[in-house]
Amino acid sequence: GGGGGGGGGGALSESYWVPPQPGPGADATWCRHSSLAADHAAAGHFDSCAALLNAQVGVINFAPIRRAYLSLVMGAHASLPGLPSTPSHVSPALRTGADGGGKGRGRWGLPKLAVTLPPLIAKLRDAYKATTEGKFAPALALFQQILHALLLVVVKDRTELNEVRELIALCREYVLGLQLETERKQLAAAGGADNAVRVCELAAYFTHCNLQSVHLMLSLRSAMTCAHKIQNYKTAGAFGRRLLEMNPKANIATAARKVIRYADQHPTNAHELRYDERNPFVVCGASHTPIYKGTPSVKCPLCAASYRVEHKDSLCTVCGVAAVGRECGGLQVMPSQR
(Lines give C-alpha, C1' and ligand atoms only; values in the text may rest on other atoms or scores of the structure.)
Protein backbone atom coordinates (compact mmCIF):
# COMPACT_ATOMS: atom_id res chain seq x y z
CA GLY A 1 0.00 0.00 0.00
CA GLY A 2 2.90 2.35 0.95
CA GLY A 3 4.73 1.58 -2.30
CA GLY A 4 1.61 2.33 -4.37
CA GLY A 5 1.19 5.64 -2.59
CA GLY A 6 4.84 6.54 -3.30
CA GLY A 7 4.41 5.72 -6.98
CA GLY A 8 1.33 7.93 -7.21
CA GLY A 9 3.26 10.81 -5.64
CA GLY A 10 6.08 10.41 -8.18
CA ALA A 11 3.63 10.52 -11.06
CA LEU A 12 2.06 13.64 -9.65
CA SER A 13 5.41 15.44 -9.25
CA GLU A 14 6.45 14.52 -12.79
CA SER A 15 3.28 16.01 -14.26
CA TYR A 16 3.57 19.21 -12.24
CA TRP A 17 5.46 21.95 -14.17
CA VAL A 18 6.62 25.24 -12.68
CA PRO A 19 7.15 27.96 -15.33
CA PRO A 20 10.47 29.84 -15.03
CA GLN A 21 10.41 33.30 -13.52
CA PRO A 22 10.68 36.07 -16.16
CA GLY A 23 14.06 37.79 -16.27
CA PRO A 24 14.49 41.53 -15.93
CA GLY A 25 13.22 43.53 -18.89
CA ALA A 26 15.26 45.91 -21.00
CA ASP A 27 14.28 49.00 -18.99
CA ALA A 28 15.39 47.51 -15.65
CA THR A 29 18.61 46.20 -17.20
CA TRP A 30 19.51 49.61 -18.65
CA CYS A 31 19.17 51.24 -15.23
CA ARG A 32 21.19 48.48 -13.55
CA HIS A 33 24.09 48.70 -16.01
CA SER A 34 24.35 52.50 -16.39
CA SER A 35 24.81 55.44 -14.03
CA LEU A 36 24.09 57.98 -16.79
CA ALA A 37 20.90 60.03 -16.56
CA ALA A 38 20.23 59.62 -20.30
CA ASP A 39 19.99 55.82 -20.01
CA HIS A 40 17.61 56.06 -17.05
CA ALA A 41 15.50 58.56 -18.99
CA ALA A 42 15.38 56.25 -22.04
CA ALA A 43 14.21 53.45 -19.74
CA GLY A 44 11.32 55.64 -18.61
CA HIS A 45 12.59 55.67 -15.01
CA PHE A 46 12.08 59.36 -14.30
CA ASP A 47 12.68 59.10 -10.53
CA SER A 48 16.17 57.60 -10.87
CA CYS A 49 16.98 59.98 -13.75
CA ALA A 50 15.93 62.95 -11.60
CA ALA A 51 17.94 61.66 -8.61
CA LEU A 52 21.08 61.37 -10.76
CA LEU A 53 20.72 64.88 -12.18
CA ASN A 54 20.07 66.32 -8.73
CA ALA A 55 23.18 64.63 -7.31
CA GLN A 56 25.41 65.50 -10.27
CA VAL A 57 24.47 69.12 -11.03
CA GLY A 58 21.81 70.12 -8.47
CA VAL A 59 18.80 70.05 -10.82
CA ILE A 60 15.62 71.00 -8.92
CA ASN A 61 13.36 72.16 -11.77
CA PHE A 62 12.65 69.30 -14.16
CA ALA A 63 9.91 70.88 -16.27
CA PRO A 64 12.33 72.33 -18.90
CA ILE A 65 13.90 68.92 -19.59
CA ARG A 66 10.54 67.25 -20.26
CA ARG A 67 10.94 67.54 -24.06
CA ALA A 68 14.35 65.83 -24.08
CA TYR A 69 13.17 63.19 -21.59
CA LEU A 70 10.14 62.21 -23.70
CA SER A 71 12.30 62.11 -26.84
CA LEU A 72 14.59 59.59 -25.15
CA VAL A 73 11.72 57.39 -23.89
CA MET A 74 10.02 57.26 -27.29
CA GLY A 75 13.27 56.89 -29.23
CA ALA A 76 14.36 53.87 -27.19
CA HIS A 77 11.16 51.85 -27.79
CA ALA A 78 9.76 50.61 -31.10
CA SER A 79 6.05 49.79 -31.14
CA LEU A 80 4.51 47.22 -33.52
CA PRO A 81 0.67 47.26 -33.70
CA GLY A 82 -0.95 43.87 -33.18
CA LEU A 83 -4.31 42.40 -34.16
CA PRO A 84 -7.51 44.34 -33.37
CA SER A 85 -8.20 44.51 -29.61
CA THR A 86 -4.68 43.31 -28.75
CA PRO A 87 -1.88 45.43 -27.33
CA SER A 88 1.01 46.57 -29.49
CA HIS A 89 4.33 44.75 -29.19
CA VAL A 90 6.93 47.11 -27.73
CA SER A 91 10.53 46.26 -28.51
CA PRO A 92 13.63 48.02 -27.07
CA ALA A 93 15.88 49.87 -29.52
CA LEU A 94 19.53 49.23 -28.67
CA ARG A 95 22.56 51.33 -29.46
CA THR A 96 25.54 49.77 -31.16
CA GLY A 97 29.26 50.28 -30.74
CA ALA A 98 31.58 49.99 -27.77
CA ASP A 99 29.21 51.82 -25.41
CA GLY A 100 26.11 49.85 -26.44
CA GLY A 101 26.33 46.22 -25.46
CA GLY A 102 28.99 43.75 -24.55
CA LYS A 103 30.28 41.81 -21.60
CA GLY A 104 28.37 42.24 -18.35
CA ARG A 105 25.39 44.01 -19.90
CA GLY A 106 23.24 40.99 -20.78
CA ARG A 107 21.09 40.58 -23.84
CA TRP A 108 19.63 44.08 -23.59
CA GLY A 109 22.84 46.13 -23.78
CA LEU A 110 22.01 49.86 -23.51
CA PRO A 111 19.29 51.97 -25.18
CA LYS A 112 19.51 53.85 -28.45
CA LEU A 113 19.47 57.57 -27.63
CA ALA A 114 17.43 60.13 -29.54
CA VAL A 115 19.26 63.12 -28.01
CA THR A 116 22.75 63.45 -29.51
CA LEU A 117 25.41 66.13 -30.00
CA PRO A 118 25.21 66.81 -33.80
CA PRO A 119 21.61 68.17 -33.76
CA LEU A 120 22.49 70.36 -30.77
CA ILE A 121 25.47 71.83 -32.63
CA ALA A 122 23.13 72.53 -35.59
CA LYS A 123 20.72 74.24 -33.17
CA LEU A 124 23.65 76.35 -31.91
CA ARG A 125 24.12 77.70 -35.45
CA ASP A 126 20.41 78.62 -35.55
CA ALA A 127 20.80 80.41 -32.21
CA TYR A 128 23.81 82.37 -33.49
CA LYS A 129 21.84 83.37 -36.59
CA ALA A 130 18.86 84.55 -34.53
CA THR A 131 21.23 86.62 -32.34
CA THR A 132 22.82 88.26 -35.39
CA GLU A 133 19.36 89.13 -36.73
CA GLY A 134 18.36 90.70 -33.41
CA LYS A 135 15.72 88.03 -32.70
CA PHE A 136 16.71 87.79 -29.04
CA ALA A 137 13.67 85.94 -27.65
CA PRO A 138 13.96 82.99 -30.09
CA ALA A 139 17.76 82.98 -29.66
CA LEU A 140 17.42 82.87 -25.87
CA ALA A 141 14.98 79.94 -26.11
CA LEU A 142 17.34 78.02 -28.42
CA PHE A 143 20.39 78.47 -26.17
CA GLN A 144 18.40 77.29 -23.13
CA GLN A 145 17.01 74.29 -25.05
CA ILE A 146 20.59 73.27 -25.86
CA LEU A 147 21.57 73.58 -22.18
CA HIS A 148 18.64 71.42 -21.09
CA ALA A 149 19.27 68.75 -23.74
CA LEU A 150 22.96 68.50 -22.77
CA LEU A 151 21.83 67.06 -19.43
CA LEU A 152 20.64 63.96 -21.30
CA VAL A 153 23.34 63.19 -23.85
CA VAL A 154 25.91 60.41 -23.82
CA VAL A 155 29.34 60.89 -25.42
CA LYS A 156 31.86 58.27 -26.47
CA ASP A 157 35.23 59.95 -25.84
CA ARG A 158 37.08 62.87 -24.26
CA THR A 159 36.81 64.98 -27.40
CA GLU A 160 33.01 64.89 -27.27
CA LEU A 161 33.10 65.40 -23.49
CA ASN A 162 35.05 68.62 -24.02
CA GLU A 163 32.52 69.66 -26.69
CA VAL A 164 29.72 69.26 -24.13
CA ARG A 165 31.61 71.42 -21.63
CA GLU A 166 32.32 74.08 -24.26
CA LEU A 167 28.67 74.10 -25.32
CA ILE A 168 27.53 74.60 -21.72
CA ALA A 169 29.94 77.53 -21.32
CA LEU A 170 28.86 79.06 -24.65
CA CYS A 171 25.18 78.79 -23.80
CA ARG A 172 25.79 80.35 -20.37
CA GLU A 173 27.50 83.39 -21.89
CA TYR A 174 24.83 83.92 -24.53
CA VAL A 175 21.85 83.33 -22.23
CA LEU A 176 23.22 85.81 -19.67
CA GLY A 177 24.11 88.32 -22.40
CA LEU A 178 20.70 88.09 -24.05
CA GLN A 179 18.97 88.46 -20.68
CA LEU A 180 20.99 91.64 -20.08
CA GLU A 181 20.08 92.94 -23.53
CA THR A 182 16.39 92.07 -23.09
CA GLU A 183 16.26 94.00 -19.80
CA ARG A 184 18.13 96.91 -21.41
CA LYS A 185 15.61 97.16 -24.26
CA GLN A 186 12.66 97.05 -21.86
CA LEU A 187 14.11 99.90 -19.75
CA ALA A 188 15.02 101.92 -22.85
CA ALA A 189 11.43 101.60 -24.07
CA ALA A 190 10.12 102.75 -20.67
CA GLY A 191 12.30 105.92 -20.77
CA GLY A 192 13.31 108.15 -17.83
CA ALA A 193 16.62 109.55 -16.59
CA ASP A 194 17.22 106.80 -14.00
CA ASN A 195 16.50 104.15 -16.59
CA ALA A 196 18.97 105.77 -19.00
CA VAL A 197 21.83 105.23 -16.55
CA ARG A 198 20.78 101.62 -15.91
CA VAL A 199 20.44 101.06 -19.67
CA CYS A 200 24.06 102.17 -20.08
CA GLU A 201 25.22 99.84 -17.27
CA LEU A 202 23.49 96.82 -18.82
CA ALA A 203 24.97 97.62 -22.23
CA ALA A 204 28.41 97.83 -20.60
CA TYR A 205 28.03 94.45 -18.85
CA PHE A 206 26.95 92.82 -22.13
CA THR A 207 30.33 93.70 -23.66
CA HIS A 208 32.06 91.50 -21.03
CA CYS A 209 30.20 88.33 -22.03
CA ASN A 210 32.33 85.86 -23.99
CA LEU A 211 30.64 86.18 -27.41
CA GLN A 212 31.59 85.58 -31.03
CA SER A 213 33.39 88.54 -32.60
CA VAL A 214 30.41 89.64 -34.71
CA HIS A 215 28.15 89.74 -31.65
CA LEU A 216 30.77 91.39 -29.43
CA MET A 217 31.11 94.18 -32.01
CA LEU A 218 27.34 94.71 -31.94
CA SER A 219 27.39 94.92 -28.12
CA LEU A 220 30.32 97.38 -28.12
CA ARG A 221 28.61 99.58 -30.68
CA SER A 222 25.43 99.60 -28.57
CA ALA A 223 27.34 100.39 -25.35
CA MET A 224 29.29 103.18 -27.06
CA THR A 225 26.05 104.79 -28.29
CA CYS A 226 24.33 104.46 -24.88
CA ALA A 227 27.29 106.02 -23.02
CA HIS A 228 27.59 108.91 -25.47
CA LYS A 229 23.84 109.56 -25.23
CA ILE A 230 23.97 110.10 -21.45
CA GLN A 231 27.12 112.28 -21.85
CA ASN A 232 29.50 109.70 -20.38
CA TYR A 233 32.01 110.60 -23.07
CA LYS A 234 35.05 109.06 -21.36
CA THR A 235 33.30 105.67 -21.08
CA ALA A 236 31.98 105.96 -24.64
CA GLY A 237 35.54 106.55 -25.88
CA ALA A 238 36.73 103.39 -24.08
CA PHE A 239 34.06 101.32 -25.85
CA GLY A 240 35.02 102.97 -29.15
CA ARG A 241 38.66 101.94 -28.71
CA ARG A 242 37.70 98.35 -27.93
CA LEU A 243 35.51 98.38 -31.03
CA LEU A 244 38.33 99.69 -33.27
CA GLU A 245 40.64 96.90 -32.03
CA MET A 246 38.26 94.38 -33.64
CA ASN A 247 38.66 95.84 -37.16
CA PRO A 248 34.96 96.59 -37.83
CA LYS A 249 33.48 97.67 -41.17
CA ALA A 250 34.51 101.10 -42.47
CA ASN A 251 31.29 102.90 -41.51
CA ILE A 252 31.37 101.51 -37.96
CA ALA A 253 35.07 102.38 -37.61
CA THR A 254 34.36 105.96 -38.75
CA ALA A 255 31.59 106.33 -36.15
CA ALA A 256 33.88 104.92 -33.43
CA ARG A 257 36.67 107.36 -34.33
CA LYS A 258 34.23 110.30 -34.09
CA VAL A 259 33.18 109.18 -30.58
CA ILE A 260 36.83 108.71 -29.54
CA ARG A 261 37.80 112.14 -30.89
CA TYR A 262 34.92 113.79 -28.99
CA ALA A 263 35.84 111.82 -25.82
CA ASP A 264 39.46 113.03 -26.08
CA GLN A 265 38.20 116.63 -26.26
CA HIS A 266 35.66 116.08 -23.42
CA PRO A 267 37.16 113.38 -21.12
CA THR A 268 34.29 113.48 -18.61
CA ASN A 269 31.37 111.35 -17.43
CA ALA A 270 28.10 113.04 -16.48
CA HIS A 271 26.85 110.02 -14.50
CA GLU A 272 28.48 107.54 -12.15
CA LEU A 273 27.99 103.96 -13.34
CA ARG A 274 28.34 100.70 -11.40
CA TYR A 275 30.99 99.73 -13.89
CA ASP A 276 34.78 99.68 -13.81
CA GLU A 277 36.33 98.17 -16.91
CA ARG A 278 39.79 98.05 -15.30
CA ASN A 279 38.61 95.88 -12.39
CA PRO A 280 37.87 92.25 -13.46
CA PHE A 281 34.30 91.17 -12.73
CA VAL A 282 31.55 88.69 -13.55
CA VAL A 283 27.86 89.59 -13.80
CA CYS A 284 25.43 88.26 -11.18
CA GLY A 285 22.81 86.16 -12.95
CA ALA A 286 20.03 87.36 -10.63
CA SER A 287 20.70 91.06 -9.94
CA HIS A 288 22.56 91.80 -13.22
CA THR A 289 25.20 93.75 -11.33
CA PRO A 290 29.00 93.26 -11.34
CA ILE A 291 30.72 90.97 -8.85
CA TYR A 292 34.28 92.30 -8.75
CA LYS A 293 37.32 90.13 -8.18
CA GLY A 294 37.72 89.27 -4.50
CA THR A 295 33.99 89.61 -3.70
CA PRO A 296 32.41 86.41 -2.28
CA SER A 297 30.17 84.65 -4.82
CA VAL A 298 28.51 81.30 -5.57
CA LYS A 299 28.06 79.45 -8.83
CA CYS A 300 25.46 77.31 -10.55
CA PRO A 301 26.69 73.67 -10.49
CA LEU A 302 25.46 73.10 -14.06
CA CYS A 303 26.24 76.20 -16.13
CA ALA A 304 28.71 77.89 -13.70
CA ALA A 305 26.87 81.24 -13.84
CA SER A 306 28.00 83.48 -10.96
CA TYR A 307 25.75 84.92 -8.22
CA ARG A 308 26.02 87.05 -5.12
CA VAL A 309 26.01 84.91 -1.97
CA GLU A 310 22.48 86.00 -0.99
CA HIS A 311 21.16 84.04 -3.98
CA LYS A 312 22.52 80.68 -2.73
CA ASP A 313 19.98 77.82 -3.08
CA SER A 314 17.77 79.87 -5.43
CA LEU A 315 16.95 78.61 -8.94
CA CYS A 316 19.61 79.58 -11.48
CA THR A 317 18.08 82.18 -13.81
CA VAL A 318 20.52 81.28 -16.61
CA CYS A 319 19.99 77.53 -17.04
CA GLY A 320 16.62 77.60 -15.26
CA VAL A 321 17.01 74.11 -13.76
CA ALA A 322 19.77 73.96 -11.10
CA ALA A 323 20.06 75.27 -7.53
CA VAL A 324 22.71 77.97 -7.11
CA GLY A 325 25.65 77.17 -4.84
CA ARG A 326 25.00 73.43 -4.45
CA GLU A 327 28.05 71.19 -3.93
CA CYS A 328 27.76 68.51 -6.61
CA GLY A 329 29.88 65.88 -8.32
CA GLY A 330 29.55 67.27 -11.85
CA LEU A 331 27.61 66.21 -14.93
CA GLN A 332 28.27 62.60 -16.04
CA VAL A 333 27.77 62.04 -19.78
CA MET A 334 30.47 59.45 -20.54
CA PRO A 335 30.42 55.82 -19.32
CA SER A 336 34.03 55.86 -18.10
CA GLN A 337 34.08 59.55 -17.06
CA ARG A 338 36.19 60.46 -14.03
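This is a predicted model: local features need pLDDT of at least 70, side-chain atom pairs count only at pLDDT 80 or more; totals for chains, interfaces and linings use all residues.
## Overall form

Let's start with the whole chain. The protein has 338 residues, and its secondary structure comes to 12 helices and 6 strands. Along the principal axes, the C-alpha atoms fill a box of roughly 125 × 40 × 40 Å. The radius of gyration is 29 Å, whereas a compact globule of 338 residues would come out near 20 Å.

Buried residues account for 43% of the chain. Looking at contacts between residues at least 6 apart in sequence, 59% of them join residues at least 24 apart.

## The nonpolar core

How many residues make up the largest nonpolar core? It has 97 members, and L53, F143, L151 and L152 are the ones that touch the most other members. Helix α8, residues 158-190, supplies the largest share of this core, with 10 residues. As general background, nonpolar side chains tend to be buried together in soluble globular proteins.

Not counting residues up to four places away in sequence, L53 touches A37, G58, V59, F62, I65, L151, L152 and L331.

## Helices α10 and α12

Two packed helices are described by the angle between their axes and the distance between the axes. For α10 (residues 213-229) and α12 (residues 250-265), the axes come within 11 Å and cross at roughly 35 degrees. The crossing is left-handed.

Which residues meet here? From α10 come R221, M224 and H228, and from α12 come I252, A256, V259 and Y262. By class, the contact has 5 nonpolar, 1 polar and 1 charged residues.

Another residue of α10 worth a visit is S222. With a relative accessible area of 19%, S222 counts as buried, because the cut-off is under 20%. Apart from its neighbours within four places in sequence, S222 is in contact with E181, R184 and A203.

Helix α8 also holds Q186. Is Q186 buried or exposed? Q186 is exposed, because its relative accessible area is 54% and the cut-off for exposed is over 50%.

## The loop between β3 and β4

Now for the loop that joins β3 (281-283) to β4 (290-292), where C284 is found. C284 is buried, with a relative accessible area of 0%. Leaving out neighbours within four places in sequence, its contacts are T289, I291, S306, Y307, R308 and H311. P22 is 262 residues away from C284 along the chain, and the C-alpha atoms of the two are 54 Å apart.

H288 lies in this loop as well. Its phi is near 55 degrees, a positive value in a residue other than glycine. At 8% relative accessibility, H288 counts as buried.

## The loop between β1 and β2

S85 sits in the loop between β1 (77-80) and β2 (89-92). Phi of S85 is near 70 degrees, again a positive value in a residue other than glycine. Is S85 buried or exposed? At 84% relative accessibility, S85 counts as exposed, whereas H288 is buried.

Technical notes: Residues are numbered from 1 along each chain as its sequence is written. Side-chain values use heavy atoms; hydrogens and water are left out. Axes are lines fitted to C-alpha atoms, for helices over the stretch in contact, and angles run from 0 to 180 degrees between N-to-C directions. Helices (H or I, at least four residues) and strands (E, at least two) are DSSP runs, numbered from the N terminus. A crossing is left-handed if the near helix is turned anticlockwise from the far one by less than a right angle, and right-handed if clockwise. Contact means heavy atoms within 4.5 Å. Ala, Val, Leu, Ile, Met, Phe, Trp, Tyr, Cys and Pro count as nonpolar, Asp, Glu, Lys and Arg as charged, and the others, Gly among them, as polar. Buried means under 20% relative accessible area, exposed over 50%, partly exposed in between (1.4 Å probe, protein chains only). A nonpolar core is a set of buried Ala, Val, Leu, Ile, Met, Phe, Trp, Tyr and Cys residues joined through side-chain atoms within 4.5 Å. The radius of gyration is taken over C-alpha atoms; the globule rule is 2.2 Å times the number of residues to the power 0.38.
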